[in-house]
Amino acid sequence: MNNDTHVYAARRARAASQLGEGGLAIVPTAPAQLRNRDADYPYRHDSYFYYLTGFSEPNAWLVLTSDGRSTLFCQPKDLEREIWDGIRLGPEAAPAALGVDAAFSVDELNERLPRLLENRGTVWFPFATHAGLEGRIDGWLQKVRARARFGALVPEAQRDLCAVLDEMRLVKDAHELAIMRRAAQISAAAHVRAMQRSSRMLRAGEDVREYHLDAELLHEFRQHGSQFPAYESIVAAGANACVLHYRADIAPVRAGELVLIDAGCELDGYASDITRTFPADGKFSGPQRELYQLVLASQEAAVAATRPGARFTEPHEATVKVLTQGMLDLGLLNKNQHGTLDDAIANRHYFAYYMHRTSHWLGMDVHDCGSYVEPGELGTVSERKDPLSGELIKDRPARILRPGMVLTIEPGLYVRPSDGVPRDFWNIGIRIEDDAVVTSGGCELITRDVPVDPDAIEAIMAG
C-alpha cells in the first residue's frame, strides 16, 4: 500500500471530472488466481484499480461518481483469516489510509451497488478486462429497474472507462517516473550481474546454463525491493535467441555464442523492460560484432527520432531504414533479388530478419495501455495492401509523442540458417532494448546503467 494518498486522490478527481453529469464508474481489482490445488499464484492487483487507489489487496472495488466522491469496497477485518493470509486494512481504516470518502465491506457490494446506481445517467467500467463484470453490472441494473415504481431511474448509457484511464496513464507524472527510473536501475544492475556471471563461470571451466543467468536476474530484482519480474524473463543462448518469446530453460551457455536476455523487474506496480545481447565468454567474434553494431546503429537512429512532435511510428521507420540498408550491405538481402533500399522496405523484405515493431508503451503494464493512433485524427484513414500477407490494412495517423510518454526502443536482428545467407551469421539473434521517457528536447534513456557499446560490454565482462 502506498502512502502518497494525494497522488491517487488527484487521479480520482481527474477521472471523475470526465464522467459527465450523473456518471458513475465501477473499477474492480484483479481476482486471486489458483495455481494448482490449494496454491495461488503470487497476487498482482489490477493496474487500473491500483492507479486510482494505491491499494494492493485482492477482492476490492472502487466506485467513483462524477461529483468526485469515492467509495471503496474491501475485505473486512477477519482475525482468523489474517493469521493465515496477512493483515487486512479493513473498511474502517480505509478512508484515512487511502483518502477515499467512504469504505464498506466487500460483502455489502451486491446490496449497496444498486442504490449507488439509481438515478445515474451513465455507468462506466473497463470493457472486456474482467470476466463476468458485465453480467454483474447487469444484475445490479436489474435491481434498479425493479425499483422503477418507486421512481428509480436506470442509467441510460454504458461507457468504457478504459478510454478515460488509458489517456491519463499514457503521460506519466513525476511520481510514476521516479518509480520507473528506480525500476530501470534495478533491472540494469541485474543485466550486468548476469553478464558477469556468464563470463566468470566460463573462464572457470564451469557448466553454464540459461537458468544460472536467470537466477542472477531474480536475485538482483528481489535484493533491491522489486516485488516481481515484470514478465517472464527471456534468457536465450545461441540459436535460441532467434525465438522471440523464448524462456529461460536448461540450454547450455557456450563460449563463442551470444546470449540474449530480455528481462525487467516490476517495482511498486511499474514495469521496466531491458534487452541486452552479449558474448557468453565476454568477447564478440567478428561476424557477431558486425551484426551487433548494425542493430546498435539502428537503435541510435530510433532514439534520435524519439522526440516531442514526432509520430510514434517514426522511431520504427528510422530503425527499419538502417537495418535494411545493413542487410543489403552484409548480404542478408541480395541486391539483385531484393532491389534498392526503397524496394526492400516497400516490399518488407527485411521482415525475414526483423519481424517485430521497434516500440511499445511502457508503464504499469509492460505492454502498457494507450492508443497508438492520434485521437483527433481517427477519421483520417488510408488503405493499403500488405505486400507479404495481401491483407488490406487501414492506416490512421500515428500518435504524436509528448513529454511524459514512456516507450521502449528495441530493434533486433534474427538470422536463422538459410540458403543465400552468409554462414557466419547463422543462428545469431540480437536485440537491444532501452526504456525512453519523452522529454521537452528529445528523450531520456533510463536503462543505460547497463551498457550497449560492444567495447563497454566486453570491459564489464572482463571484470
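Glu266 is buried, with a relative accessible area of 6%; buried here means under 20% relative accessible area, exposed means over 50%, and partly exposed is anything in between (1.4 Å probe, protein chains only). Keep in mind that this is a predicted model, where local features need pLDDT of at least 70, side-chain atom pairs count only at pLDDT 80 or more, and totals for chains, interfaces and linings use all residues. Residues are numbered from 1 along each chain as its sequence is written, and side-chain values use heavy atoms, with hydrogens and water left out.

So who does Glu266 pair up with? Its salt-bridge partner is Arg44, and the closest N and O atoms are 3.1 Å apart. A salt bridge here is a side-chain nitrogen of Lys or Arg within 4 Å of a carboxyl oxygen of Asp or Glu. The two residues come from distant parts of the chain, 222 residues apart: Arg44 sits in the loop between strand S3 (39–40) and helix H2 (47–53), while Glu266 belongs to strand S12. Helices (H or I, at least four residues) and strands (E, at least two) are DSSP runs, numbered from the N terminus.

Side chains of opposite charge can pair when their charged atoms come close. By the rule above, the count comes to 32 salt bridges. One of them joins the side chains of Arg81 and Asp85, at 2.9 Å from N to O. Both residues lie in helix H3 (residues 79–85), four residues apart, which is about one turn of the helix. Arg81 is partly exposed at 34% relative accessibility, and Asp85 is exposed at 57%.

Arg115 and Glu118 make another salt bridge, with their closest N and O atoms 3.6 Å apart. Arg115 is exposed, at 52% relative accessibility, whereas Glu118 is buried, at 14%. Elsewhere, salt bridges link Glu167, Glu374, Arg399 and Arg402 in a network.

## The S9-S12-S13 sheet

S12 sits between S9 and S13 in an open sheet of three strands, ordered S9-S12-S13, with antiparallel pairing; two strands pair if DSSP finds at least two bridges between them. The edges are strand S9 (228–229) and strand S13 (270–271), each of which pairs on one side only. Strand S12 (residues 265–267) runs antiparallel to S13, and two bridges join them. Leu267 has Tyr270 in S13 as its bridge partner.

Helix H8 (residues 174–203) packs on this sheet and touches S12 and S13, its direction making about 145° with that of S12. Touching is judged by contact, meaning heavy atoms within 4.5 Å. Axes are lines fitted to C-alpha atoms, for helices over the stretch in contact, and angles run from 0 to 180 degrees between N-to-C directions.

## Strand S4, covered on both faces

Is strand S4 enclosed or open? Five of the five residues of S4 (residues 61–65) are buried, so the strand is largely enclosed by the rest of the structure. Trp61, Val63 and Thr65 lie on one side, Leu62 and Leu64 on the other, and both faces are covered.

Strand S1 (residues 23–28) pairs with S4 in the antiparallel sense over five bridges, with Pro28 standing opposite Trp61. S4 is also joined by four bridges to strand S5 (residues 70–74), again antiparallel, and here Trp61 stands opposite Phe73. The hairpin of S4 and S5 has four residues between the strands, and Gly68 in that hairpin takes a positive phi near 95°.

## Cysteines

How many disulfides are there? The count comes to zero, a disulfide being a pair of cysteine sulfur atoms within 2.5 Å. Cys265 is in no disulfide, and the nearest cysteine sulfur, that of Cys369, is 19 Å away. Cys265 is buried, with a relative accessible area of 0%. As for Cys369, its closest cysteine sulfur is in Cys162, 7.8 Å away and too far for a bond. Cys369 counts as buried too, at 11% relative accessibility.

## Tyr353 in its loop

Tyr353 is in the loop between helix H13 (341–346) and strand S15 (382–385), and is buried at 9% relative accessibility. Leaving aside neighbours within four places in sequence, Tyr353 is in contact with Met327, Leu332, Leu333, Gly412, Leu413, Tyr414, Val415 and Val421.
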